[in-house]
Amino acid sequence: MLPYVKKFGGDSFGATIDKFVTVEISKRNDGLFNLIYPGHTELVDTKEKIKNPIVRQALISHNISEGFNIKSVSDIPPGSGLGSSGAFTVGLVSALHGLKGFVKSARDLAEEAADLEINQLKSPIGKHDQYMAAYGGFLHLIYRKEGGVTVRKVNVNDAIVKKLESELILVFSGMKRSASETLGVTAKRFESSKEIFADISVFRKYGSGLRNYLINNHIENFADGLKTLMAIKKQCFVNCTNEKLDKFMDEGYRLGAVGAKVIGAGGGGFVYFYVPKPNQTKFKKGITEAGGTVYPFSFVEAGSKIVSLS
């Protein structure tokens, strides 16, 4: 959260998985803008009439005057907490530069995407998702008070990566939400309470400890710590969960999970559960019956890239 970072700096840790957002752009001869993205289509005669705020602002920022077809396809539901909005924005600005014959660096893409969402569209979010999408891999991101970001690639032992892939189960709760709306409540808390600074400092310290468990191959400690980390997160970000989501996570524990955490801003979306292999058959059956959808995944090292230009 920006008020905290401006005062203390900050950091985050994450990894990218094989769930992708693809953006396709092509020029039109009739001057119209045709947009196709999950759950929506648009056909308008000026970019200012585009309803999707990210697309509209990106085209304005790039001084686009001619018509375009823009299509986006996502492997995951929108508004689900896996950073799809940041990934879409990174992919979109990368494609716009590609049409002009430029291939931008991961840092340039991350910063442009973050500027578009945070400064131009005033979304109360951070830069984590944009940097993760642009760089890819296991990353420790350090946010400096003046606004810069230091990117550190984290080397996680291959055996630990395989263990995580086999025992972390990614589940869509079926509940969608807007990260901007969810984090907006927390942003207002900065205006009325000084306690949130202390709460986030505790969350940050504990999260750093879990990161170190992974780096030092102590995966059992990582799994055991997820429940405590989630409890601290709930104290910091008061609407990262709700009664329905709490019941969903409690059901996961009843089915054999030993750790769980809501991904991203929370309020719905995806939850990852740490489930030992002997419990997984029962867990997957039960969590599906509870309304969840299991998404098999693998970690990937690559960030955003242009697949083809024509």
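**A chat about helices, loops and overall form**

Visitor: Where is the place of Tyr253?

Guide: In this predicted model, the place of Tyr253 is in helix α10.

Visitor: And is that residue buried or exposed?

Guide: Tyr253 counts as buried, because its relative accessibility is 18% and the cut-off for buried is under 20% relative accessible area.

Visitor: Which residues does Tyr253 touch?

Guide: If residues up to four places away in sequence are not counted, Tyr253 touches Lys227, Val258, Gly259 and Ala260.

Visitor: What separates the C-alpha atoms of Tyr253 and Tyr295?

Guide: Those two C-alpha atoms are separated by 18 Å, and along the chain Tyr253 and Tyr295 are 42 residues apart.

Visitor: Let's move to α11. Which of its residues are buried?

Guide: Helix α11 covers residues 280-289, and its buried residues are Gln280, Phe283, Gly286 and Ile287. They span an arc of only 135° around the axis, which means that they lie on the same side of α11.

Visitor: Why do residues three or four places apart in an α-helix point the same way?

Guide: An α-helix has 3.6 residues a turn, so residues with that spacing point the same way.

Visitor: What about phi of Gly291?

Guide: Gly291 follows α11, and its phi is positive, near 105°.

Visitor: Which residues other than glycine have a positive phi?

Guide: Asn63 is one of them, with phi near 55°, and Lys122 is another, with phi near 60°.

Visitor: Where are those two, and are they buried or exposed?

Guide: Asn63 has its place in the loop between α2 (53-61) and β6 (68-74), and it counts as exposed because its relative accessibility is 64%. Lys122 is found in the loop between α4 (106-120) and α5 (128-135), and Lys122 is exposed too, with a relative accessible area of 63%.

Visitor: Okay, and His97: which helix, and buried or exposed?

Guide: His97 lies in helix α3, which runs over residues 84-99, and with a relative accessible area of 10% it is buried. Leaving aside its neighbours within four places in sequence, His97 is in contact with His62, Phe102, Lys104 and Glu112.

Visitor: Zooming out, how many helices and strands does the protein have?

Guide: Its secondary structure comes to 11 helices and 13 strands, and the C-alpha atoms fill a box of roughly 60 × 45 × 35 Å along the principal axes.

Visitor: What is the radius of gyration next to that of a compact globule?

Guide: The protein has a radius of gyration of 20 Å, which agrees with the value near 19 Å that a compact globule of 310 residues would have. Buried residues make up 47% of the 310 residues, and of the contacts with a separation of 6 or more, 70% come from residues 24 or more positions apart.

Technical notes: Residues are numbered from 1 along each chain as its sequence is written. This is a predicted model: local features need pLDDT of at least 70, side-chain atom pairs count only at pLDDT 80 or more; totals for chains, interfaces and linings use all residues. Side-chain values use heavy atoms; hydrogens and water are left out. Helices (H or I, at least four residues) and strands (E, at least two) are DSSP runs, numbered from the N terminus. The radius of gyration is taken over C-alpha atoms; the globule rule is 2.2 Å times the number of residues to the power 0.38. Buried means under 20% relative accessible area, exposed over 50%, partly exposed in between (1.4 Å probe, protein chains only). Contact means heavy atoms within 4.5 Å. The arc is that of the directions from the helix axis to the C-beta atoms.
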